[in-house]
Amino acid sequence: ACPAGEDIPRIEMLMSQGRHQDALETILVENPFPAVCGHVCFHPCEDDCARIPLDQGIATNALERAAYDYGTQDAKQPEKRPDTGKTVAMVGGGPAGLTCAYYLAKMGYRTTVFEAQSVAGGMLGIAVPEFRLPRQVIEEEIQYIENCGVEIRYNSPIDAKHTFNDLLDEGYSAVFIAAGAQASKRIGIPGEEADLSGLYYGLEFLSEVRAGKEVPLSGKTVIIGGGNVAVDVARTALRSGAQEV
């Protein structure tokens with residue numbers, strides 16, 4: 001979630017003038033997660049920057065990170081429309097659910113996020129390694145969203161005991177489902193068994209390490225894949241005892 005394209009020149013100007021707080025508040029109009037994006041986004045927007053034919057793309061990702069790092073981080077709340085009197089439930093407290101709740105709160109809706117875990121942030125806090133995205137960064141941005149009027153109910157899964165229909169019966173005008181995509185891909189090759197000793201799937205491996213569980217590795221570790229998760233797994237494997245990855 002990058003700042004709107006028309007805001008990037010303004011953000012760059014503000015940063016060049018040392019007005020970091022103003023730049024941060026400009027970003028927050030469109031993106032409630034400037035610090036998260038500044039830490040982990042692989043900034044595809046920079047590949048399509050209109051300035052590339054002249055010299056090179058604007059470093060939007062670095063600007064977001066710098067605005068957060070050098071801003072006071074107690075940004076004033078965004079302008080909100082009058083209370084509509086309507087309530088909306090978010091199923092899932094990951095980036096999608098929290099962002100939707102943030103926008104709806106600005107539009108005057110009373111929003112409640114139902115999160116099954118004891119912490120919000122979804123895969124940001126469950127799987128992305130701490131050395132890439134410190135928990136403190138996530139918590140600060142979640143606190144900002146809560147300060148905008150969003151209620152987060154932790155340890156509150158929406159399942160067979162508390163259903164979608166139950167939420168509507170409780171008076172919510174609408175329900176936004178943001179359950180996430182937390183399953184690792186299977187390759188579908190012979191010998192691929194979930195309980196095979198020494199075989200780990202990327203997201204599960206990262207989640208266990210992030211949760212503080214000991215996942216002992218030694219010697220050589222082979223990683224199948226070359227995306228963001230694979231690189232996170234590689235760096236985490238070396239920190240978990242692997243001598244070669």
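First, some housekeeping. This is a predicted model, where local features need pLDDT of at least 70 and side-chain atom pairs count only at pLDDT 80 or more, while totals for chains, interfaces and linings use all residues. Residues are numbered from 1 along each chain as its sequence is written, and side-chain values use heavy atoms, with hydrogens and water left out.

Let's start with helix H1, residues 8-16. Helices (H or I, at least four residues) and strands (E, at least two) are DSSP runs, numbered from the N terminus. Ile 8, Ile 11, Leu 14 and Met 15 of H1 are buried. Seen down the helix axis, the buried residues of H1 fall within an arc of 125°, so they line one face of the helix; that arc is taken from the directions from the helix axis to the C-beta atoms. Pro 9 and Ser 16, on the other side of H1, are exposed. By buried I mean under 20% relative accessible area, by exposed over 50%, with partly exposed in between (1.4 Å probe, protein chains only). And what do the buried residues of H1 pack against? Their partners are helix H2 (20-30) and helix H4 (60-70), with contact meaning heavy atoms within 4.5 Å.

Now to helix H5, residues 95-106. At 1.5 Å a residue, its 12 residues should span 16 Å, and the end C-alpha atoms are 17 Å apart, which agrees. The expected span here is 1.5 Å times one less than the number of residues. How many residues of H5 are buried? The count is 9 of the 12, so H5 is largely enclosed by the rest of the structure. Among them are Gly 97, Cys 100, Tyr 102 and Lys 106. The buried residues of H5 pack against H2, strands E1 (87-91), E2 (110-114), E3 (151-153) and E4 (174-177), and helix H7 (135-147). After H5 comes Gly 108, with a positive phi near 100°.

E1 and E2 pair in the parallel sense over 5 bridges; two strands pair if DSSP finds at least two bridges between them. The chain gets from E1 to E2 through H5, and this β-α-β crossover is right-handed. Right-handed means that, with the strands pointing away from the viewer, the path from the first strand over the helix to the second runs clockwise.

E1 and E4 run parallel, joined by 4 bridges. Phe 114 in E2 is the bridge partner of Val 91, and Phe 114 in turn has Arg 153 as its partner in E3. E2 and E3 pair in the parallel sense over 3 bridges.

Last stop, the cysteines. How many disulfides does the structure hold? The answer is 0, counting pairs of cysteine sulfur atoms within 2.5 Å. The sulfur of Cys 37 has its closest cysteine sulfur in Cys 41, 5.4 Å away, too far for a bond. For Cys 148 the closest is in Cys 100, at 14 Å, also too far for a bond. Cys 37 counts as buried at 10% relative accessibility, and Cys 148 counts as buried at 3%.
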